[in-house]
Amino acid sequence: ATGALAQQAENSNSKVIVIENEEQATRYAAQDEAIANLRTDSARQLSGGKYADALKNARKAVAETESLYGREHVRFANALTNLAVALKLNGELVQAERTLADGIKIRQNTGDLGSNMLLADMSNLGGLYISTRDYDKAQAVLNKALNIRPKGSDLASASLRTNLGLLAKALVQSDEAERLFKEAITIKRALLGDESVEIATDYNNLANLYVNDRKPERALELYERALRIKKARYGDDHPSTAITLNNLGTAYLEAGKLDQAEQNLTTALTIRERKLAQDDISIADTLSILSYV
């Protein structure tokens, strides 16, 4: 709105922005665009494997969103969601948990109940609890999310099934984990087709389960599918591609195919040493597996 009094408030707890003239409207629009650009840059850097740069931009976006909208606005919750993703990929899992939990509280307080973003945040928070082996908390938040939309066939519901599958895998409930991973793949195929990077993640998860269950031959085909998708999406020299190469090498090792194992693990190691910090734990993981080969 220009040249007149305007108010923007998405809920009763949001900061009210009063625009009284065209100059203020222009300044507000510029601030809003700057925040959007920061979030876009952060997402692009995450996709390109530049995790530290992405984290800086995500943090700046959070600060500027707070300044413009306040801490009780749904847009601030959206900025926190993006920050949590960047924190996780930078290995700051505890801070990522806290950030997602703060965003969830904001969404609940602002009446964002049942939305895809709330469901996705709860699912991701459960995933973070799994990463830190806090399985009781993971169970609680994931079950609460499942109760919101028990039979959903959208992407948020697919993500929820993925994280429920990871929890079942951690609790050595292999049949349940397999069922949940396959359900997630079915939903994503229907919505995204067969070549989406989201499906590649579930191929990886299901293949990891088969490797754990000493079924490496069943895992190999899934890893190969995931690798083809990730190379097409990210290129040959990306940390996400290295994850699948590392997993593929592990499966070949379990299957006794040592030449293929060495080839894939060496390629993964080269990518990780070039793209990640020298003390990154994933480099040590690849070196450890390669030593067995």
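A: Let's start with a term. Helices (H or I, at least four residues) and strands (E, at least two) are DSSP runs, numbered from the N terminus. This model is predicted, so local features need pLDDT of at least 70 and side-chain atom pairs count only at pLDDT 80 or more, while totals for chains, interfaces and linings use all residues. Residues are numbered from 1 along each chain as its sequence is written, and side-chain values use heavy atoms, with hydrogens and water left out.

Q: How many helices and strands does the protein chain have?
A: The protein chain has 13 helices and 2 strands.

Q: What pLDDT does the chain average?
A: The average is 88, and 92% of the residues score at least 70. (pLDDT is the predictor's confidence in each residue, from 0 to 100.) Over residues 1–14, though, the pLDDT is below 50. That stretch still has 37 contacts in the model beyond near neighbours in sequence. A contact means heavy atoms within 4.5 Å.

Q: OK, overall shape. What is the radius of gyration of the protein chain?
A: The protein chain has 21 Å. A compact globule with 293 residues would be near 19 Å, so the value agrees. (The radius is taken over C-alpha atoms, and the globule rule is 2.2 Å times the number of residues to the power 0.38.) Along the principal axes, the C-alpha atoms fill a box of roughly 75 × 40 × 35 Å.

Q: What share of the residues is buried?
A: Buried residues make up 45% of the 293. Buried means under 20% relative accessible area, exposed means over 50%, and partly exposed is in between (1.4 Å probe, protein chains only).

Q: And how much accessible surface is there?
A: About 14,800 Å², with 47% of it belonging to carbon and sulfur atoms. (Accessible areas come from the Shrake-Rupley method with a 1.4 Å probe; for residues, only the protein chains shown count as cover.)

Q: What about contacts between residues 24 or more positions apart?
A: They account for 55% of the chain's contacts with a separation of 6 or more.

Q: New topic. How many salt bridges does the structure hold?
A: It holds 19 salt bridges. Each is a side-chain nitrogen of Lys or Arg within 4 Å of a carboxyl oxygen of Asp or Glu.

Q: Show me one in a helix. How far apart along helix α8 are E178 and K182?
A: They sit 4 residues apart in α8 (residues 174–192), so about one helical turn separates them.

Q: Is E178 buried or exposed?
A: E178 counts as buried because its relative accessibility is 16%. K182 is at 39%, so K182 counts as partly exposed.

Q: Which residue does R189 pair with?
A: R189 and D194 meet in a salt bridge, 3.3 Å from N to O. R189 is partly exposed at 38% relative accessible area, and D194 is partly exposed at 44%.

Q: And what does E66 meet?
A: The side chain of E66 meets R71 in a salt bridge of 3.5 Å, N to O. E66 is partly exposed at 32%, and R71 is partly exposed at 46%.

Q: Which residues are linked in a network of salt bridges?
A: R161, E176, R179 and E183 are linked that way.

Q: Last one: where is R214?
A: R214 lies in the loop between α9 (197–212) and α10 (216–234). At 59% relative accessibility, R214 counts as exposed. The C-alpha atoms of R214 and A255 are separated by 8.8 Å, although the two residues are 41 apart along the chain.
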